[in-house]
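Let's take a walk through this protein together, one piece at a time. Have a look at the sequence and the model first, and then we'll start with a single side chain.

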Amino acid sequence: MLKGKVAVVTGSTSGIGLGVARALAAKGADIMLNGFGDAAEIEKIRTGIAAEFGVRTAYNGADLSKPVETKGLIEAATKELGKVDILVNNAGIQVVSPVQDFPDDKWELVLAINLSAAFYAIKAAVPQMKERNWGRIINIASVHGLVASVNKAAYVSAKHGLVGLTKVVALENAETGVTCNAICPGWVLTPLVQKQIDAWAERDKIDNTEAGRRLLTEKQPSKQFVTPAQLGELAVFMCSDAASQLRGTAINMDGGWYAQ
């Protein structure tokens, strides 16, 4: 269903981003990967996706904390793959600290990667989408774009901002074939969340399995992690014709977190 489309997925060398990239590739989309990691492992991921799904797959290591590199990512995808039809803003980082102790530089970094990078990528991609009167912008926000948790001031602020940005972009393009929506996951077992589990285990002197169980029990009623593959399938739906009137929404996939 996405044959002939080109997707840029930020932060797609692992976790949610990789799950989304694989799901889009499975439907025929050519993929521009982005993210950090071991060069050999990233190349293995790139060639693996290309071989498994028969799509063109490229990689760009843009540092999304820098606006010029974020814009450059869209330019590189356009040059290497011909265009950008689908933009998935997934890249994100987490820093945990009480407000009064929150490092200034970490505040700026979290906002730069989790919010500003999405703005700059959207700004760079929207003109060509509007020219073709077709585009799909998917912002991977978080349940923390809708509710708060202690010690996550920067992350919660950025994700709330990302949901707001989603609505503005959707409204500005409401009479076009360009849609913009957000996905708000709960706990997903990604490297980012694994670090929080590790910290919990170390703090309470428990094993990682028990730390993961406590993490889920605290917030997520299903007591199950959301998977990157599940989020990828939701992203595929958002790219479909059936979702053409899905505009400015923030869809939770959080095991019931937001329902409480």
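Start at T10, whose side chain reaches the backbone nitrogen of A91 at 2.9 Å. This is a predicted model, so keep in mind that what we're reading is computed from it. T10 lies in the loop between strand 1 (6–9) and helix 1 (15–26). Is T10 buried or exposed? T10 has a relative accessible area of 3%, and because anything under 20% counts as buried, T10 is buried. Leaving out residues up to four places away in sequence, T10 touches G17, N34, L64, L73, V88, N89, N90 and A91.

T13 counts as buried, at 13% relative accessibility. Which backbone atom does the side chain of T13 reach? It's the backbone oxygen of F36, at 2.9 Å. Again not counting residues up to four places away in sequence, the residues that T13 touches include N34, G35, F36 and Y59.

Seven strands form an open sheet, in the order 3-2-1-4-5-6-7, with parallel pairing. At the edges sit strand 3 (57–60) and strand 7, each of which pairs on one side only. From one strand to the next, the twist averages 20°.

Strand 1 and strand 4 run parallel and are joined by three bridges; A7 has I86 in strand 4 as its bridge partner. On to strand 5 (135–140): four bridges join strand 4 to strand 5, and these run parallel as well. Here N89 has N139 in strand 5 as its bridge partner. Strand 4 is covered on both faces, with I86 and V88 buried on one side and L87 and N89 buried on the other.

Helix 5 (residues 153–172) lies across strand 5, strand 6 and strand 7, at about 160° to strand 6.

Helix 8 (residues 228–238) has its own set of buried residues: L231, G232, L234, A235, V236 and M238. What do they pack against? Their partners are helix 1, strand 5, strand 6 (178–185) and strand 7 (250–253).

Finally, look at a pair of helices. The axes of helix 6 (residues 191–204) and helix 7 (residues 208–219) come within 8 Å and cross at roughly 110°, which makes helix 6 roughly perpendicular to helix 7. Helix 6 brings V193, Q194, I197, D198, W200, A201 and D204 to the contact, while helix 7 brings N208, A211, G212, R214, L215 and E218. Sorted by type, the residues of this contact divide into six nonpolar, three polar and four charged.

Notes. Residues numbered from 1 in each chain as written. Predicted model: local features only at pLDDT ≥ 70, side-chain atom pairs only at ≥ 80, totals over all residues. Heavy atoms only, no water. Helix = DSSP H or I, 4+ residues; strand = E, 2+ residues; numbered from the N terminus. Buried < 20%, exposed > 50% of the residue type's maximum accessible area, 1.4 Å probe, protein only. Polar contact = N/O pair within 3.5 Å; in protein donor to acceptor, adjacent residues only side chain to side chain. Contact = heavy atoms within 4.5 Å. Axes fitted to C-alpha atoms, helices over the stretch in contact; angles between N-to-C directions. Parallel < 35°, antiparallel > 145°, perpendicular 65-115°, else oblique. Nonpolar A, V, L, I, M, F, W, Y, C, P; charged D, E, K, R; others polar. Pairing = 2+ DSSP bridges.
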